[in-house]
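Please keep the structure open beside you as you read.

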Amino acid sequence: MLQIIFYVSAHAIYNIYFHPLAKFPGPKLAVISNIFYARTVVSGNSVKTMKALHEKYGDVVRWSPDELSFSSAAAWKDIYLPQKSREIFLKDPKFYVIDDELRAKQIANILDPEEHERARKVLSHAFSPKALLEQEDIVLKYANMLMIAIQEESRKGPINFIDYYNWVTFDVLGELAFSEAFGSVRNRKTDSWIATILQAIKFGAYDSAIFRLSPRVWKIMPYFIPSKITTEALNHVNQSKAKILARMEKGDLERRDFCSYLFEKKEELGLTDWNLAGYANVLIMAGSETSAALLSALTYYLCKTPEVYQRLKVEVRGRFETADEITSQRATFPYLTAVIQEALRIFPPSPIAPPRITPKDGGIVAGVFVPGGTTVGVHMWSVTHNPNNFKDPYAFRPERWLDPNCTDNLSASQPFLIGPRACMGQNMAWMELRILIAKLVFLFDFELADNDLDWDRDCACFRLWQRPDLWTKVTMREDL
Ligand code: HEM
């Protein structure tokens, strides 16, 4: 017993006073053990905890023995953009975990830059401007179906926009990735896989927490996390496998989907069926949940900021005679763009700090030297809610993106990340968001049905968001 007490005390003293990161400020519990990190990421409250830490300790915080979080805009380029003068900061394998049971290797968790570049090149065809043009027809088809669903269902009473946004973004992705939608918009019902995915999101948070506490325990981690979460994560993996196998059986299709590109280069990239299931898994998650989260937040902030909502209505309704005229190329006017930029700032769909490891000789981040082997990241929520970067950061103010005299540091908001690991689907996301928002604002008036809803308070973060219900009274415009 005495030995344990001695070991723990010596470890704590080393971490506080002699560790290479000793000069960086942070809560004592975070500095001496990973318990603080683990508790934070599974609490659902990490966004607020990290923001509070940055308010207390400044733009750099040591929030686990080996990890620093940054909230300054200058850190973006230093961490995520490779520079000729030094080695790349690689993705952190403690966070982007790979194994043979639950976490197949796929584009987003590949660590080796050359292997990643090869995979990204193959997938990039699916995100080219030409492909985007073809994809727009699919987005328009589901957007139009969604508008009809909203029109009909809202006659019966308030609707929960969370469902509607999940339906449309998952259906679009299902069709683009596997040439098969989930049928949610058509059936006006959340597909069981979508429900699984929404639950499985929590698994990622437990994954990082337990891995940090002990990689050995992590190997038997299903015993340490709520069984419902493990079950949903397993279901998600099994359904990803089934989806990819079903798509394989269909062979070549007239319209190329994401799978077409992957299947063509399967041998060249050395992809097993397990890897392909990983791709299915990540593309669905990355491409739908993020856009659905953004649409939900944007709807909330429009309802809560009548002057913004009014100006957007005037702009959208003044430009089109009918909703059918709305396409992504025509919905590019500055105010709509600014509203989306502001929503991405105030509610970044991926609000955490994507972790990277400093190379063995360390590196300079935002003007400070960080020793080698340290995990570093820009905390997305803290950097966009830092008053040094944005005046009144909690105010939904699209005008900041249009005012040439605005003193905000707009480049502090990088919701899609920058550099070689930035989001591959950002143009697709913009296309989808422009179409859906323009059509919604053109056709409907909406107001919150639940006046007690407080978006900041009621959203939880487990790597990605868990959103509260968004019950909304929707009425079709009378003058159409
Ligand atoms: C508003 C919508 C979206 C946001 C804010 C967003 C944000 C991000 C972020 C922050 C990353 C980097 C994650 C990391 O390094 O851990 C990422 C990666 C990625 N995103 Fe998105 N995303 C969005 C929509 C999409 C869509 C529609 C797709 C299409 C399927 C997509 C596909 C991807 C892929 C494939 C990666 C991995 C890129 C790589 O590692 O090379 N995303 N996204």
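Ser46, Val47, Met50, Lys51, Leu53 and His54 are the buried residues of helix 4, where buried means under 20% relative accessible area, exposed over 50% and partly exposed in between (1.4 Å probe, protein chains only). Because these residues cover an arc of only 160 degrees around the axis, they sit on the same side of helix 4; the arc is that of the directions from the helix axis to the C-beta atoms. An α-helix has 3.6 residues a turn, so residues three or four places apart point the same way. On the other side of helix 4 you will find Glu55 and Lys56, which are exposed.

A word on the model itself: this is a predicted model, in which local features need pLDDT of at least 70, side-chain atom pairs count only at pLDDT 80 or more, and totals for chains, interfaces and linings use all residues. Residues are numbered from 1 along each chain as its sequence is written, and side-chain values use heavy atoms, with hydrogens and water left out.

What do the buried residues of helix 4 pack against? Their partners are helix 3 (35–43), strand 1 (60–64), strand 2 (67–70), helix 18, strand 10 (460–462) and strand 11 (464–466), with contact meaning heavy atoms within 4.5 Å. Helices (H or I, at least four residues) and strands (E, at least two) are DSSP runs, numbered from the N terminus. Just after helix 4, Gly58 has a positive phi of about 110 degrees.

## Around the ligand

The ligand is surrounded by 26 residues, and the closest are Tyr96, His116, Arg120, Arg356 and Cys423; a residue counts as near if one of its heavy atoms lies within 4 Å. The table gives polar contacts, pairs of N or O atoms within 3.5 Å.

| Side chain | Distance to a ligand oxygen atom |
|---|---|
| Lys91 | 3.4 Å |
| His116 | 2.6 Å |
| Arg120 | 2.7 Å |

Helix 6 (113–124) and helix 15 (273–304) are the elements that give two or more residues to the shell around the ligand. Helix 15 gives the most, with five residues.

## Two loop residues

Arg188 has a positive phi, near 55 degrees, although Arg188 is not a glycine. This residue is in the loop between helix 9 (184–187) and helix 10 (192–213), and counts as partly exposed because its relative accessibility is 27%. Asp392, also not a glycine, has a positive phi near 45 degrees. Asp392 lies in the loop between helix 18 (380–384) and helix 19 (426–443).

Terms used
A polar contact is a pair of N or O atoms within 3.5 Å; within protein, one must be able to donate a hydrogen and the other to accept it, and residues adjacent in sequence count only if both atoms are side-chain atoms.
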